[in-house]
Amino acid sequence: MAYRWTNDLSREDATPERAFLNRRQIMAAAAAAAGLGAIGGPRGARAATGELDPNEWDEITTYNNYYEFGTGKSDPAQYADALTTSPWSVTIDGLVDRPGEYSFDDIMSKMTTEERIYRFRCVEAWSMVIPWNGFELADLLDMVGVKSSAKYVAFETALRPDEMRGVSFPVLDWPYVEGLRLDEAMHPLTIIATGIYGRDIPNQNGAPLRLVVPWKYGFKSIKSIVRISLVEDQPPTSWNKANAREYGFYSNVNPEVDHPRWSQATERPIGGGIFAGRKETLMFNGYGDDVAALYEGMDLNKYY
Amino acid sequence: MSLVDSINRTTRRIPPWTLYIVGVIPAAWYFYLGVVGRLGVDPVKELEHSYGELALQLLIAGLCVTPLRRFTGIALIRFRRQIGLLAFFYVFCHLLVWLFLDVQILGQIWADILKRPYITIGMAGFVCLIPLAVTSNNFSVRKLGRRWRTLHKLTYLAVLLGAIHFVLLAKGFQLEPLLYLGAILVLLGLRIRLPRRAQPA
């Protein structure tokens, strides 16, 4: 069931290949003409207007959290090349009708990919807007047939010590694991991304296929998935195991529930330059109309 | 002539005030890189971290002066004031970036200082350094006499708070902040005088 959700964010002036002067460049030129110089880069225009448009390819692909390759933001871009992403297969097991090892090509031949421009909010209080290409997780789950007893979906990232230099140190309990409630997993906003800006997703962003759940903090969107298990009980999740007080199972973006060590009320949009400042974080990262119903009656202070 | 002698001979020729000039350059350079968009895609965090890390490194350098002389004979005591004041300068820059480029919102700043242990601890470290910076001049040394030495033992607390601040803000189990804390604990440990047996009269 592709195309169940329609973008409200525009890619209008974000295509990097665009030849003509776009709005940002015009703003930068105007600033330069006014003797200000292109301080903070042309992207300052975005913060000023409050308009949301995707970050640039370089921003999306050089500033990543992928601790299997190191804890520095530029480590993944530097070291994730070592990951072999082809061939790739995903084991789908547990409470499904057709368990098995599905090759990436096999999956792609059955899925309809589309573009989804989503806000991306990291638990560290920075944010981007990313034009993903991918398919709905629901389609993949329908392909394997979910049994009625399944209540949760568990995910696992590849663990390859030979290719992942970061896993030699126990920053987290490897392999990285994540989970969703089944209704969250089946939600039309939840996708498996295989591309960005129409190009294959780079290794540092979770090649060849990763989860994207735009109303949750970024760490829920697990990368380089090798296993998807349909289960009855809430599965363990990596950051929750590392520090349950700070990272809950749900981890919905919520400006009213702070991380114990920092406020979640505001965020730094990436790409605004040094003087851009913060903006207010939106409930469910701005997807409240679509997903708030999933959590009706739940105390979000308790189920953070 | 031994290596230590030649090091001491060379460093003796360097006027200590030149350290201020050299020491301030990275601050200005990083800020410039940030302004022109060459500090990566999250320049505020990068600047904040660079200043914080330099501050911690300078504090550690300050702690190294005495053990270095004790164990190797290399005498850098002439530069300790400059190292200390530069450390204070970087802590201050780190704080300014946090206040004016990162958080910016007064209500949130105050809430953070009170509510977030790592910020409370970092702030306490900064406060410890203020009287030290203020009294880092010959007049204060003369005026305070023996009390100056006692007062400046606050460095030990400040640097420890700085390291804890760094350890507490790490996500997951990370090595780098622990290495800083470890180095500081060793350097502080070297200063503990074990009780000696009573000297015969």
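Q: Which side chain does that of Asn55(A) join in a polar contact, and at what distance?
A: In this predicted model, the side chain of Asn55(A) makes a polar contact of 2.8 Å with the side chain of Glu59(A). A polar atom of the Asn55(A) side chain also lies 2.8 Å from the backbone nitrogen of Val129(A).

Q: Where in chain A is Asn55(A) found?
A: Asn55(A) sits in a loop, with α2 (44-49) on one side and α3 (57-62) on the other.

Q: Is Asn55(A) buried or exposed?
A: A residue counts as buried when its relative accessible area is under 20%. Asn55(A) has 1% relative accessibility, so Asn55(A) is buried.

Q: Is Cys93(B) buried or exposed?
A: The cut-off is again under 20%. Cys93(B) is buried because its relative accessibility is 11%. This residue belongs to helix α4 (residues 80-103) of chain B. Between the C-alpha atoms of Cys93(B) and Asn8(B) the separation is 32 Å, and the two residues are 85 residues apart along the chain.

Q: How many bridges join β5 to β6(A)?
A: Strand β5 (residues 152-157) of chain A is joined to β6(A) by five bridges, and the two run antiparallel. Opposite Ala154(A) stands Gly179(A) in β6(A).

Q: Where do the side chains of a regular strand point?
A: They alternate between the two faces of the sheet.

Q: How many residues of β4(A) are buried?
A: For β4(A), 11 of its 11 residues are buried, and the strand is mostly covered. Its pairings can be taken in turn. With strand β3 (residues 114-121) of chain A, β4(A) pairs in the antiparallel sense over eight bridges. Within this pairing, Tyr118(A) has Ile130(A) as its bridge partner in β4(A). The two strands form a hairpin with four residues between them, and in the turn Ala125(A) has a positive phi of about 75 degrees.

Q: Which way do β4(A) and β11 run, parallel or antiparallel?
A: Strand β11 (residues 266-269) of chain A runs parallel to β4(A), and two bridges join them. Trp126(A) is placed opposite Arg268(A) in β11(A). By contrast, β4(A) runs antiparallel to strand β7 (residues 191-196) of chain A, with five bridges between them. Gly134(A) has Ala193(A) in β7(A) as its bridge partner.

Q: What else does β7(A) pair with?
A: Three bridges link β7(A) to strand β9 (residues 210-212) of chain A, running antiparallel. In that pairing, Ala193(A) stands opposite Arg210(A) in β9(A). Strand β8 (residues 199-200) of chain A also pairs with β7(A), in the antiparallel sense over two bridges. Here the bridge partner of Gly195(A) is Asp200(A) in β8(A). The hairpin of β7(A) and β8(A) has two residues between the strands, and Tyr197(A) takes a positive phi near 55 degrees. As for burial, six of the six residues of β7(A) are buried.

Q: How is empty space inside a structure found?
A: A probe the size of a water molecule is rolled over the atoms, which shows where empty space is left. This structure holds three cavities of 30 Å³ or more. The largest cavity has a volume of about 350 Å³. It is lined by 25 residues, and those closest to its centre are Asn65(A), Tyr66(A), Gly218(A), Phe219(A) and Lys223(A).

Q: Which strand gives the largest share of the lining of the largest cavity?
A: Strand β4 (residues 126-136) of chain A does, with four residues.

Terms used
Residues are numbered from 1 along each chain as its sequence is written. Chains are lettered from A and ligands numbered from 1 in the order in which they are written. This is a predicted model: local features need pLDDT of at least 70, side-chain atom pairs count only at pLDDT 80 or more; totals for chains, interfaces and linings use all residues. Side-chain values use heavy atoms; hydrogens and water are left out. Buried means under 20% relative accessible area, exposed over 50%, partly exposed in between (1.4 Å probe, protein chains only). A polar contact is a pair of N or O atoms within 3.5 Å; within protein, one must be able to donate a hydrogen and the other to accept it, and residues adjacent in sequence count only if both atoms are side-chain atoms. Two strands pair if DSSP finds at least two bridges between them. On a 1 Å grid over the protein atoms alone, a cavity is a set of points where a 1.4 Å probe fits but cannot get out, and a pocket is an open set with protein on both sides within 12 Å along at least five of seven lines; lining residues have an atom within 4 Å of a point. Grid points are joined across faces, edges and corners, and a volume is the space filled by probe spheres set on the points.
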